[in-house]
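Here is a short briefing on one structure.

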Amino acid sequence: MTKNLLIVESPAKAKTIEKYLGKDFKVMSSFGHVRDLAKKNDAIDIEDGYKPNYIIPEEKKKVVAELKKIAKDAETVWLATDEDREGEAISWHLCEVLNLDPLETKRIVFHEITKEAILKAVSKPRTLDLNLVNAQQARRILDRLVGFELSPLLWRKVSKGSSLSAGRVQSVAVRLIVEREAEIEAHQSQSQFRIQAFFLVPDADGKMRELKAEASKRFDQEEEAHAFLKDCIGAAFQITDIQVKPAKRSPAAPFTTSTLQQEASRKLSFSVARTMAVAQKLYENGHITYMRTDSLNLSETALDLAAKAISDRYGKKYSKPQRYKTKNSGAQEAHEAIRPTDMTLDQIGIGGDEERLYKLIWQRTIASQMADAEFERTTVRINISTRPEELAAKGEVVIFDGFLKVYAEGTDEEPSEEMEGLLPPLKLNQALQLDKMNATERFSKPAARYTEASLVRKLEELGIGRPSTYAPTISTIQKREYVVKGDREGEVRPYQVLELSGKGAIERRTETEVTGKEKAKLFPTDIAILVNSFLTEHFAQVLDYHFTARIEKQFDEIAEGETDWTKMIDGFYRPFHKHIQETMETAERVTGQRLLGPDPKSGKPVYARMGRYGPMVQVGETEDEEKPRFAKIVGELSLQTITLEQAMNLLALPRTLGTFRDDDLVIGSGRFGPYVRNAGKFYSIPRDEDPRTVTEERALEIIEAKEESDRQKFIMAFDEHDIQVLNGRWGPYIKQGKNNYKIPKDVDPATLTLEQCQEIISAPPKARSPRKKAKNA
């Protein structure tokens, strides 16, 4: 008999904890949630107070059976899932499936997996917090209702396919990206000329050093900039003011979930999902505290250990213990910021992603408890005898590095101005010798596209989502192809430079720069733009940023026991459902159709529009006697930007590359996308390839890759009955004609007979396990 059974979510976490608790405890893992809402429309009984219908997924039945067996014989069952709402809900579901009383079962929480923390938690168990469970349940049910109601509407009004979906938070995230893209497209770049002067000044050793200064005014026209330079020919330049001021820079607070995701993106180039996966491993192995948190708090023990580590490494003057206050009033996800469990360890010796992320967390935490960095900033103002404008030179030197000795926070913003280091020795009223002066054309820039990290920051600023939802939201909008993360090469743009030399001559030259270059940015797809347009027109409240933030606050109120979750759901759902029904009846279908112009050959109209299987171009009208021609829009082309010329290039398909196996080798495009056709078979061209540029060699590679994949899938065939036994993504299956039939897990597909295959095909879905046959059957 097991004396104590302690259940956690992950096997890695179980392994670590079991080391600390000894022989009286058996630690097992639930492998995450053990129940979920039913997949079909019966998941929620709306008329019975939104009662959820939870089921145990097929893949979790074995886990639940093992837990039941051990729990039945255990004297005491302990629930030690994560300390946030999701973790509390997992514990409640465990109570339900294991027949445990949630008001009696021992529940323990901890925000770090260390021996001290685990033993302390075991000494002070509590019971389940049903308010936290209700908050998680309310979120899950509301999001399911929104998705199940909106998605069929989108299928009907935006795309006839059933691949579209909508979600309460994901749709708002998509709206942010779509609106940012529209802002960028609408931006009209304006140019100005920036004046910079370069003087030669002797330093303390008599050597000449360069002093750079910038004019206080920028000029809209090249003629104005040229006139400024011309006026400076032979002008006298004199220092009229020197100001030296002290400045300080304070360290950033320790990491929360969102700031960790942002900084790991900037400094380590990690995606949000990658950051959370690595942080999960660090937590489960006892290296860091819990990684889903919006708290900035550090425990007294952590503060003391940080102060000691800083004093020992860098000296007492670098130590400055300080507490940070969380701005979010609803910060209930955890009790501490993300920090190392052992402040003295700046590395954990395991290498790879975990080592890199741990180092970042250690640096940020230690720096947050260090003294301010101290600077001396110098501003020098320079008079021009022939102009009313001034020149200004700025320099900054570090007097005391403080926290910068360990860590400096990254930024997504481009620096607004260049700051020089130590300026050369200068005196008031000193005359300066001009070496050269430049007027350089500079262009205004639109707002930057979102990265995953900057989108997290924006969602947090708006109060949308919580630490546990940022990564899933960003993964979902990419998985559902509303958003793609990608790079752009940019375009070469010319700009003008006017240069006045010390000899008094003004030279004009044209230089070039790359503009619009992007790396790992989020771009909306055509379907995202159409869906967002439809939803903002018909469901403005659901996509309203402030409304979504208010919903999050209501979840917080449920977690605090201040609001009844069923009343909160009902207040949202009733008017929402009514509006869904009205919109289904009255709203027009949207296609985003644009007339590009006439076909140069036939004169028929050429359109770009959204089709059932994605964006496409069309020549002719559907009502015409002659069937219209279609081509899928591929690559970086989009409904909003495609031109008539680009559309005609797409419509140039099909094209014949040569012959192969005594038949034409053809590149074409159909409703499922571009393909290679040969000998009556079709081979899909990968989505990221342009069919117009596929060569004969590449077409043969695509054919060979598909045939090799098919060979790996093949197990056996009964050709006379059109039956194949194949390996698929979800396991072995039987294929007859266009229909697929799952093979039961307890059946070896390599031993199937024709009779067994036919029995599986003809059996009802839940009874497809063939009778055992004799070997000679």
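This is a predicted model: local features need pLDDT of at least 70, side-chain atom pairs count only at pLDDT 80 or more, and totals for chains, interfaces and linings use all residues. Residues are numbered from 1 along each chain as its sequence is written, and side-chain values use heavy atoms, with hydrogens and water left out.

**Cysteines**

- Searching the whole structure gives zero disulfides, where a disulfide is a pair of cysteine sulfur atoms within 2.5 Å.
- Cys95 is buried, at a relative accessible area of 1%. Buried means under 20% relative accessible area, exposed means over 50%, and partly exposed lies in between (1.4 Å probe, protein chains only).
- Cys232 is also buried, with a value of 2%.

**Helix pair α1 and α4**

- Helix α1 spans residues 11–21 and helix α4 spans residues 115–123. Helices (H or I, at least four residues) and strands (E, at least two) are DSSP runs, numbered from the N terminus.
- The two axes come within 9 Å and cross at roughly 75°. Axes are lines fitted to C-alpha atoms, for helices over the stretch in contact, with angles from 0 to 180 degrees between N-to-C directions.
- α1 and α4 are therefore roughly perpendicular. Under 35 degrees counts as roughly parallel, over 145 as roughly antiparallel, 65 to 115 as roughly perpendicular, and the rest as oblique.
- From α1, Ile17, Tyr20 and Leu21 meet Lys115, Ile118, Leu119 and Val122 of α4. Contact means heavy atoms within 4.5 Å.
- The residues of this contact divide into six nonpolar, no polar and one charged. Ala, Val, Leu, Ile, Met, Phe, Trp, Tyr, Cys and Pro count as nonpolar, Asp, Glu, Lys and Arg as charged, and the others, Gly among them, as polar.

**Tyr290**

- Tyr290 sits in the loop between α9 (272–284) and α10 (300–314).
- Tyr290 is buried, with a relative accessible area of 2%.
- Its side chain makes polar contacts with the side chains of Asp82 (3.2 Å) and Asp84 (2.7 Å). A polar contact is a pair of N or O atoms within 3.5 Å; within protein, one must be able to donate a hydrogen and the other to accept it, and residues adjacent in sequence count only if both atoms are side-chain atoms.
- Tyr290 and Lys325 lie 35 residues apart in sequence and 18 Å apart in space, C-alpha to C-alpha.

**Ser368**

- Ser368 belongs to helix α11 (residues 352–368) and is buried, at 0%.
- The side chains of Ser368 and Gln369 make a polar contact of 3.4 Å.
- Leaving out residues up to four places away in sequence, Ser368 touches Pro251, Ala252, Ala253, Pro254, Leu298, Gln322 and Tyr324.
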